[in-house]
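Please look through the structure shown here, one region at a time.

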Amino acid sequence: MLEFDKAPHIGMGMDQRNSDKLICFHCGEVCDNDDIRIEDKIFCCQGCRIVYEIIAESGLDSYYDIENKPGIKGLEDVPQNKFAYLDDAQITDKLLDFQDENTGTVTFSIPQIHCSACIWLLENLHKFHPAIRSSKVNFLKKEAFIVFSRDQLSLRRLVEMLASIGYAPDINLQSIEQKNTPSASRKLWLKLGVAGFAFGNVMLLSFPEYLAGEGEIEPYFLQFFSYLNILLSLPVLLYSASDYFRSAWVGLRKNMINMDVPISLGMLVLLGRSYWEIFTDTGTGYLDSFTGLVFFLLIGKLFQQKTYDSLSFERDYKSYFPISTTLIKDGGEEAISISKLKVGDRIIVRNRELIPADATLLSPSAQIDYSFVTGESRLVTKKSSDFIYAGGRLAGMAAEFEINEEVSQSYLTRLWNHDSFTEHARSTVSTISDTVSRYFTYIVFSIALIAGLFWLPRDMVVAWDAFTAVLIIACPCALALSIPFTLGNALRLLGRSSFIAKNIETIENLAGIDMIIFDKTGTLTMQSSDAVIFHSFTDESLTQKEMRQIKTLARQSTHPLSYRIYQNTVGNVSDKLVSYEEVEGAGISGEIEGKKYQLGSKQWLISKIGSFANGLDSSVGSSTYVAIDGKIRGRFEFKNTFRPGLEKTISELEHNYTIALLSGDSDHEREQLQELFGTDKELRFEQSPADKLEYILEKQRQGKNVLMIGDGLNDAGALKQSDVGVAISDDISAFSPACDAILVGNRLHNFSRFLNFSQSCIKIVYLSFILSFIYNIVGFFFAVQGLLSPLFAAILMPLSSITVVSFATLATTMQARRKGIIG
């Protein structure tokens, strides 16, 4: 038995008598007697008593305040050697997502998770043991992601602790060999298959009634077919439709009526009326409509999931990930998409870039920051041949790696699939949808009740038909599908045009933007392969060796100007670089063969060296200054090439948005930029990352909804603070921790179209709502008069969903074509 710090028991004062039954204080099951008790608390078994003691002794008594009798059935005891196999290092290595000397992370599937109290308890595991640093629960997937100190707590002890409180992880051979959790997509396909099978067969068994005239079929045949339909409907009720009922029940337990409540109510009324007719021999019911309804709803859910899976960009983690990486091939370097990486490929990773897949370090040494994985910012020194987990971020000099595992299978990709890592802001349209659903349900109940009571003294059959028809036809399934189909299709269409949005909230936020801020270098300018000129400030020009050393230094950084210097300097790089340092947005330095090289902005070198020689301020283009052993030797001057169509893009945007420019460069191109932006726009130069961040905060305090288009990690703070952060991607890129979208650089000229399209998509959502309301109003009109049979209402209910879904999908596709998003 695990030992925990002792704490006094705290009585909850709950009445455990339900009529004449004794109820377990922990799990709520009926107790045979009151023999097992602690003070006034009665338990059904020793397992529940032990779990309560552990929870109370850890100071987590408020667990029982969240839900009434929230616990699962306790374990009688954890057998001493049940989890002994977890002492095997090979098994542990396969189960752990990440591990180093001190830290381990693991994702457990825990089927026992069933309510908010379970979530609360599992996210407070650190109170059970100080070695547990953090734990996050994904309720829908019933998973827990745990970060713990391996030097204080073994994986076996962690699992035993979870089992002792009734949450034993589901560990099997498949999870050990493949590290796969049950696929939500596979379960959805199975539910869809069951519903489709039942729907088709129920329709087949109902054909005789549809086609035959009255009295042409013997009653016992109809009754036999009806009972077969009941058997076919049960798997649909208990399995295919279970998610809707579970979600509705959870919402009701929290005193919240979500969208699944009226959907579930419509299903139950349709099912209940059908069973009543069949068992009372007054009809054959409407089980064909019930199974068809569930089938069409699951098709909608599958479409939504497939859209999100194919364009998943919903976590802040993904914004760290470079779309391209640098492949070392045939003695040269080539930028390729990460999706093309294969096992055995050699790549180079620069300062602050992430290792995109599990790999082996080839360089002599490297400093790796695993804060992305563990949450702790701590540098780990790795040596040649060491294994490096995907998600580690390189700190310092560029390093070479050999890929061990494809990106699609790496730990970083699996991390993105955890919805629990990101606190999602509630979408306005989703809030409207659930709010409407809440009041909609009360209105439907009222109308159905009034209609039933009105007809009851006149005609009981009509009263029953009116009551059930109102509930069935008013089921707001179409309302539930408007958002995922409209915005999910918009994500897909934007992705096809090289604008990858994080999620549907990003599209909604894009529609509300009223100010756009541009970065210059790497955003408005292109990664040109020429026009890099070195101007010497002394009579002594740089030697070829010094140029190669500067190339070596520039290779380490992801800054666009450093990358251009590296691309345009001939010669091989040196492996003698030591003491590399980079100041974000300012400069880089390092020592090569006893000489100190510095490469950066004028202001940064002034702060390092103290003064500049005469003529240093005469630059006419973007410049990066060079110092060797504390002496300014000259500057690299870049002739910027602005992206094609930029003037037209800004002209299109300025009619509807406030436009501004924030550049870390000098104002040498002010006149040229004023020609592009206009003299009335705010153009700020020599802006540090902190200056950009403060400017955005100032505008947001003024009530502006700000969109920032920037250059990845070099604008990380500004992109994160803005309401929508868009990272520009070219051949080589790294993105900020919270960018909301990625735009391929050669599509910047379409940006106004993307914004306009996002506004149209929100309008389509509201039009879908209106279409759904019109359908319900018309349906109410006929249903309350008893003119609409429940059968016809049940047929119209899925047809209304199909109508709204078709409208949303076709409307977004037509808008995308009209606005030039797709061909």
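Start with two helices, α18, which covers residues 544-555, and α19, which covers residues 560-567; they pack with their axes 8 Å apart, at an angle of about 140 degrees. The model is a predicted one.

Next, turn to the interior. In soluble globular proteins, nonpolar side chains tend to be buried together. In this model the largest nonpolar core has 46 residues. Which of them touch the most other members? They are Phe499, Ile516, Phe677, Leu707 and Phe751. Helix α25, residues 751-783, supplies the largest share of this core, with eight residues. Apart from this core lies another one of 30 residues, including Ile110, Ile113, Ala131 and Leu158.

Not counting residues up to four places away in sequence, Phe499 touches Leu494, Leu510, Val726, Ala741, Ile742, Leu743, Phe751 and Phe754.

Phe754 is found in helix α25. Is Phe754 buried or exposed? Buried means under 20% relative accessible area, and Phe754 has 1%, so Phe754 is buried. With neighbours within four places in sequence left aside, Phe754 is in contact with Leu494, Ser497, Phe499, Leu743, Arg747 and Ile821. Phe754 and Ala511 are 243 residues apart along the chain, and their C-alpha atoms are separated by 9.6 Å.

Ala741 belongs to strand β31, residues 741-744. The relative accessibility of Ala741 is 0%, and therefore Ala741 counts as buried. From the C-alpha atom of Ala741 to that of Ile728, 13 residues apart along the chain, the separation is 8.8 Å.

Lys699 lies in helix α23, and because its relative accessible area is 14%, Lys699 is buried. The contacts of Lys699, leaving aside neighbours within four places in sequence, are with Met515, Glu682, Lys704 and Val706.

Finally, consider two residues in loops. Asp629 is in the loop between β25 (622-628) and β26 (631-638). Although Asp629 is not a glycine, it has a positive phi of about 55 degrees. The relative accessible area of Asp629 is 47%, so Asp629 is partly exposed. Glu686 is in the loop between β28 (682-684) and α23 (689-701). Glu686 is not a glycine either, yet has a positive phi of about 55 degrees. With 42% relative accessibility, Glu686 therefore counts as partly exposed.

Definitions and conventions
Residues numbered from 1 in each chain as written. Predicted model: local features only at pLDDT ≥ 70, side-chain atom pairs only at ≥ 80, totals over all residues. Heavy atoms only, no water. Axes fitted to C-alpha atoms, helices over the stretch in contact; angles between N-to-C directions. Helix = DSSP H or I, 4+ residues; strand = E, 2+ residues; numbered from the N terminus. Core = buried A, V, L, I, M, F, W, Y, C linked by side-chain atoms within 4.5 Å. Buried < 20%, exposed > 50% of the residue type's maximum accessible area, 1.4 Å probe, protein only. Contact = heavy atoms within 4.5 Å.
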